[in-house]
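User: Please walk me through the aromatic rings in this model. Keep it brisk.

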Amino acid sequence: TVACHYCNKRLSVEDKWVLDHKNPLSSFKTDDRKAFSNPENLTISCHSCNVLKSNTPYEEFIESLKK
């Protein structure tokens, strides 16, 4: 198992999870696929957090979770 990067929910293979882009693809000014798949921009997220985050920038979303 692994934890969701955002809420720390434990996720198993059977759970609904996604490989999330910390900084949303919509924030890129280029169509360079290398930028899209940069490992530093990818993290594991549960489906709920991914939907909640949507296209919110990473730092902004992290701050919203602290409230």
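Analyst: Buried means under 20% relative accessible area, exposed over 50%, partly exposed in between (1.4 Å probe, protein chains only). The model is predicted: local features need pLDDT of at least 70, side-chain atom pairs pLDDT 80 or more, while totals for chains, interfaces and linings use all residues. Residues are numbered from 1 along each chain as its sequence is written, and side-chain values use heavy atoms, without hydrogens and water.

User: Are Tyr 6 and Tyr 58 buried or exposed?

Analyst: Apply the cut-off to Tyr 6: its relative accessible area is 9%. Tyr 6 and Tyr 58 are both buried.

User: How is the pair of Tyr 6 and Tyr 58 classed?

Analyst: Rings of Phe, Tyr and Trp (its six-membered ring) pair if their centres lie within 6.5 Å; planes under 30 degrees apart are stacked, over 60 edge-to-face, the rest tilted. Here the centres are 6.3 Å apart and the planes at 55°, so the pair is tilted.

User: How are the rings of Tyr 6 and Phe 61 arranged?

Analyst: Phe 61 is buried, with a relative accessible area of 3%. Its ring centre lies 5.1 Å from that of Tyr 6, with the planes at 85°. The pair is therefore edge-to-face.

User: Which residue lies over the face of Tyr 58?

Analyst: A charge sits over a ring if NZ of Lys or CZ of Arg is within 6 Å of the ring centre and within 35 degrees of the ring normal. At 5.3 Å from the ring centre of Tyr 58, the residue over its face is Lys 22.
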